[in-house]
Amino acid sequence: MTPRRHGITWSAARHLLLLAGAAFILLPFIWMVSTASKPQTEIFTTDIHFIPQNLALWENFATAFGKASLWRFLLNGVVVTVSIFALQVLIALPAAYALAKLRFAGREVLFALVLFCILIPPQATAIPVFLLFHQIGILDSYAALVVPFTISAFGIFLMRQFFKTVPDDLIEAARMDGITEFGIVWRVMLPTAIPALTAFGIFSVVAHWNDYFWPLIVLNSEHLRTPPLGVASFRNEEAGTNYGPLMAAAIVIIAPLVIAFLLAQRRFIEGITLTGIK
Amino acid sequence: MAKIELQAIRKTFDSTEILKGIDLAIEDGEFVALIGPSGCGKSTLLRIIAGLEPQSSGEVRIDGAQVDGIRPSARNLAMVFQSYALYPHLSVFDNIAVPLRMRRHSTLARMPLVGRLHPARAATERGIREEVERVAAQLELSGFLKRKPGQLSGGQRQRVAVGRAIVRQPVGFLFDEPLSNLDAKLRVHMRAELAQLHRQLRATFVYVTHDQAEAMTMSSRIAVMIEGHIVQVGTPAEVYDNPQDIRVAEFVGSPKINALPGVIREDGGVEVLGWPLGLSTPAAAGRCSVCVRPERMELSSGPSAISGTVLHLENLGAEAFVHIKVERIEMPLLARISPDRQLPAIGSAIQFGFSTTAVRIFDAAGKRIEVTAAARSERIREKAVG
Amino acid sequence: MADALTATTILAGRGAAAVTPARDNSRSWPALAMVAPAIVLMGLLLLGPLLGVIALSFTDYQLGSPRFAWIGFANYEEMLADRVFWISLRNTLTYVAIVVPTAVALGLAVALLIESGSSLRAWYRTIYFLPVMATLIAMSIVWEFMLHPQFGLVNGLLHSVGLEGRSWLQDRGTALYALCVIGVWQALGFNMVLFLAGLVSIPRPLYDAAEIDGAHGAWARFRLVTWPMLGPTTVFVVVITGIRSFQVFDTVHVLTKGGPSKSSEVLIHTMYIEGFEFFRSGYGAALTVVFLVFVLLLTLVKSSLANRGVHYA
């Protein structure tokens with residue numbers, strides 16, 4: 001805690017340890033980029049070199065985009081994550097407002113249910129929801145990817161906690177101005193909730209962009225594949241022969257979130273950890 | 001017990017100089033209050049004395065020995081923090097016992113689990129128990145020894161913090177705004193308790209506060225710090241009556257001292273608002289500030305030296321404050337009077353004056369100017385009338 | 001009718017004090033309208049399916065079959081008699097027992113190291129957090145290539161220091177441990193960030209007080225202040241990492257499919273195979289219930305410790 005006492009030795013030891021750890025953490029990323037830049041001949045060799053002798057980055061990306069519909073996967077990822085988040089907000093915000101600021105019969109019970117629902121892991125409901133979707137015939141569709149996550153108990157809880165901190169005066173003033181209760185949700189509460197909503201949005205988008213379990217269960221069609229599913233199936237088709245393009249595809253899949261994270265680190269870390277209850 | 005000496009202490013944080021050469025000698029057993037507006041560097045100075053912060057240059061000596069590079073605990077000073085800094089997971093007993101355990105148990109005996117097997121541990125623990133209980137009894141904490149700090153009131157926490165400080169019998173105590181987290185009533189009560197503690201222990205106390213009432217009521221000497229300098233050191237009465245700098249005059253005393261614009265004439269006479277005060281000074285001619293404490297302002301119903309308008313009245317029961325607007329002075333002046341007499345009406349014209357002995361004069365740079373009564377010592381309103 | 005009457009009586013009783021009933025009523029309808037979608041979806045997608053999975057575990061339902069029968073505990077009996085279930089359970093517990101302590105201890109160590117100095121803090125934090133952001137499936141494929149027996153980086157590095165490489169993911173003895181390494185690699189940064197937040201919230205004056213009280217050295221300070229003050233964070237991190245480790249699936253499904261010869265089979269993967277590849281919904285549901293019991297246990301640990309002052313934020 002008091003670095004000045006330890007002096008240079010401690011500082012050096014600290015950096016040494018942290019750099020060793022960082023090497024372990026970064027190794028897969030470095031190796032991914034390195035492999036994606038190498039031609040076949042350099043990949044299938046037993047000597048280790050990180051910098052390729054012949055740069056084949058472009059060729060590998062071209063092959064990846066040619067063999068797998070990467071653009072399509074990315075687009076699906078965007079469609080699915082954005083739809084999920086929009087619907088989550090649409091459903092959670094009014095409920096959170098009612099739970100935080102309105103009095104109605106059964107409020108406490110409902111809140112207890114919300115708290116309980118936070119604890120339900122998504123794997124637990126997979127089989128019944130799958131059977132339900134099978135019954136109503138929406139498997140293998142965008143709806144199948146989006147609908148199960150439209151209700152976010154955690155989102156309701158988070159926004160309710162946030163709304164609790166909004167002063168009642170603000171709401172009373174809005175009522176005095178003749179705004180309806182629904183109007184209050186969207187015109188008064190939503191603007192105050194932007195920071196909390198941003199954190200929740202990052203949490204939601206990251207979780208569903210990276211989700212593999214559920215899309216794997218409900219999807220068959222190639223054109224609906226989300227990024228993780230897309231890269232996994234690309235790998236299965238290539239059956240471990242074409243590592244250059246495979247690594248290029250991996251880069252493409254992780255790039256959107258990693259770049260967004262590097263640009264807004266503080267917000268991302270807040271979003272992931274504040275809401276890291278799952 | 002200890003004498004604490006500071007010599008030419010300087011401290012720079014990121015190229016900002018916080019302390020600009022502090023010299024101060026605190027006698028053994030003395031209660032010295034360091035006061036000053038926030039940001040004046042008083043807390044930093046206290047942390048330097050404690051050893052929590054190294055000074056950029058200068059020397060700290062405790063009982064004549066230089067303590068640079070000596071760890072805080074080895075300086076044998078105790079400190080009471082503004083937030084109390086009690087360990088929230090430990091009971092009151094354990095909180096008070098921490099400094100004793102740290103000092104008396106070997107590192108091995110303090111280890112979790114293994115420590116319990118250490119042969120000397122039990123005997124040392126018994127000694128510690130006795131001392132903690134003695135201190136707790138002294139501070140009336142005996143009933144709370146098993147509680148956690150979170151279950152105590154503000155005043156009780158304060159006493160635990162004091163208990164943790166006195167249990168190790170240090171040579172000196174450092175207090176960093178210890179009462180500022182308490183409510184007003186409790187603060188007055190704790191003031192008395194701390195003063196009594198000082199009389200009992202006869203230890204050296206260094207007490208940092210921004211509340212001049214605390215400093216005035218408890219300490220034997222006050223050091224006023226402003227912008228990284230100690231501007232004046234003296235007994236509370238000296239600092240109040242004979243401020244050597246206008247910033248001291250303005251910081252000490254509540255409500256604030258009245259400052260009127262004055263002029264030193266070529267012949268050494270002092271005038272305020274065109275009226276001669278009957279004082280003369282050897283200082284150079286020019287502008288000056290003429291300061292008068294509110295309780296030394298004298299209102300009169302008849303014609304007097306200076307006239308103004310009553311802007312506002314505050315009757316507090318035991319005393320009353322009259323806010324007076326005087327032409328050519330931006331800030332209203334304040335007079336403290338007894339409410340027994342009839343209070344002037346708001347908006348009414350009023351005359352006032354003050355005795356020449358009530359006047360403190362500062363030059364344009366804010367330094368105190370010595371004055372002597374010219375010929376006759378008389379009240380200026382009499383002069384005005386005459 | 002009777003309901004309406006009681007409702008009126010209650011309202012009248014409450015309204016005696018003031019004119020609030022009218023107000024309550026006028027706001028009660030919007031409130032119910034606001035929570036209605038959430039209630040319906042919660043019932044349909046969370047609570048219903050949760051009850052459904054329990055009910056299903058007592059049936060022999062298979063997807064596509066026209067009828068099903070209640071078979072009591074037959075699924076559970078079958079499960080307990082199944083060698084694969086026990087292997088899967090043991091592997092899951094092994095995975096949790098390795099990943100949780102390692103990822104928590106390393107997360108804490110990295111957080112302490114980062115916090116103990118002032119230089120390059122943001123850089124280290126970013127680097128260690130990177131795996132949390134990167135799509136695990138994509139990174140699993142990278143790990144697979146790194147662990148490639150012939151051309152992989154890991155064996156290459158081992159060769160260069162004269163050690164024999166292995167077929168990490170194809171070897172019964174190492175597959176599960178390789179997955180553990182990937183699990184730690186991914187969870188470490190998340191835990192680090194939680195610990196960093198915990199460290200920052202420790203009041204500075206406590207360290208000053210410890211210094212004055214004679215707590216010399218990093219270990220004494222850690223024992224007296226840091227560790228106790230991190231208590232709530234640690235409980236939270238352990239439970240979160242535990243729950244996530246019980247859920248391990250992505251790496252298993254992509255890299256080993258539970259093999260070789262079930263050596264890396266884990267609960268959720270077994271459930272996936274039974275429920276979604278063999279479509280034995282009833283049996284899959286029984287496996288889900290077992291998984292739920294473990295998650296519930298962890299949650300109970302958390303909430304019982306929460307009473308001792310764990311803060312959620």
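# Close-up views of a predicted model

**View 1. Helices H4 and H8 of chain A cross in this predicted model.** The axes of helix H4 (residues 70–101) of chain A and helix H8 (residues 153–164) of chain A come within 8 Å and cross at roughly 45 degrees. That angle makes H4(A) oblique to H8(A). The crossing of the two helices, H4(A) and H8(A), is right-handed. From H4(A), the contact takes in A:Ala92, A:Leu93, A:Ala95, A:Ala96, A:Tyr97, A:Leu99, A:Ala100 and A:Lys101. From H8(A), the residues met are A:Gly155, A:Ile156, A:Met159, A:Arg160, A:Phe163 and A:Lys164. By class, the contact of H4(A) with H8(A) holds 10 nonpolar residues, one polar and three charged.

**View 2. Helix H14 of chain A packs with helix H6 of chain C.** The crossing of H14(A) past H6(C) is left-handed. On the H14(A) side, the contact is made by A:Tyr243, A:Leu246, A:Met247, A:Ala250, A:Ile253 and A:Ile254. On the H6(C) side, it is made by C:Ala138, C:Met139, C:Ile141, C:Val142 and C:Phe145. The contact of H14(A) with H6(C) has 11 nonpolar residues, no polar and no charged ones.

**View 3. Four strands of chain B form an open sheet.** The order is E2-E1-E4-E5, and the pairing is antiparallel. Strand E2 (16–26) and strand E5 (65–66) of chain B are the edge strands, each pairing on one side only. Strand E1 (residues 4–13) of chain B pairs with strand E4 (residues 57–62) of chain B over five bridges, in the antiparallel sense. Within this pair, B:Arg10 stands opposite B:Ser57 in E4(B). Helix H1 (residues 42–50) of chain B lies across E1, E2 and E4 of chain B. H1(B) runs at about 120 degrees to E1(B).

**View 4. Strands E4 and E5 of chain B form a hairpin.** Two bridges join E4(B) to E5(B), and the two strands run antiparallel. B:Ile62 stands opposite B:Ala65 in E5(B). Two residues lie between the strands E4(B) and E5(B). In the turn, B:Asp63 has a positive phi of about 50 degrees.

**View 5. Seven strands of chain B form an open sheet.** The strand order is E21-E20-E14-E11-E12-E13-E22, with antiparallel pairing. Strand E21 (368–369) and strand E22 (372–373) of chain B stand at the edges. Each has a single partner strand, so one side of each is left without a neighbour in the sheet. Strand E11 (residues 258–264) of chain B is joined to strand E14 (residues 286–292) of chain B by seven bridges. E11(B) and E14(B) run antiparallel. In this pair, B:Leu260 stands opposite B:Val290 in E14(B).

**View 6. Strand E12 of chain B takes part in a hairpin with E11 and in another with E13.** Three bridges join E11(B) to strand E12 (residues 269–272) of chain B, and these strands run antiparallel. The bridge partner of B:Gly262 in E12(B) is B:Val272. Four residues lie between E11(B) and E12(B). In that turn, B:Gly268 has a positive phi of about 90 degrees. E12(B) also pairs with strand E13 (residues 275–280) of chain B, over three bridges and in the antiparallel sense. Here B:Glu271 stands opposite B:Pro276 in E13(B). The hairpin of E12(B) and E13(B) has two residues between the strands. B:Leu273 in this hairpin takes a positive phi near 50 degrees.

View 7. The mean pLDDT of chain B is 85, and 93% of its residues reach 70 or more. Over residues 376–386 of chain B, pLDDT stays under 50. For residues 376–386 of chain B, the model has 21 contacts beyond four places in sequence.

Notes
Residues are numbered from 1 along each chain as its sequence is written. Chains are lettered from A and ligands numbered from 1 in the order in which they are written. This is a predicted model: local features need pLDDT of at least 70, side-chain atom pairs count only at pLDDT 80 or more; totals for chains, interfaces and linings use all residues. Side-chain values use heavy atoms; hydrogens and water are left out. pLDDT is the predictor's confidence in each residue, from 0 to 100. Contact means heavy atoms within 4.5 Å. Axes are lines fitted to C-alpha atoms, for helices over the stretch in contact, and angles run from 0 to 180 degrees between N-to-C directions. Angles under 35 degrees count as roughly parallel, over 145 as roughly antiparallel, 65 to 115 as roughly perpendicular and the rest as oblique. A crossing is left-handed if the near helix is turned anticlockwise from the far one by less than a right angle, and right-handed if clockwise. Ala, Val, Leu, Ile, Met, Phe, Trp, Tyr, Cys and Pro count as nonpolar, Asp, Glu, Lys and Arg as charged, and the others, Gly among them, as polar. Two strands pair if DSSP finds at least two bridges between them.
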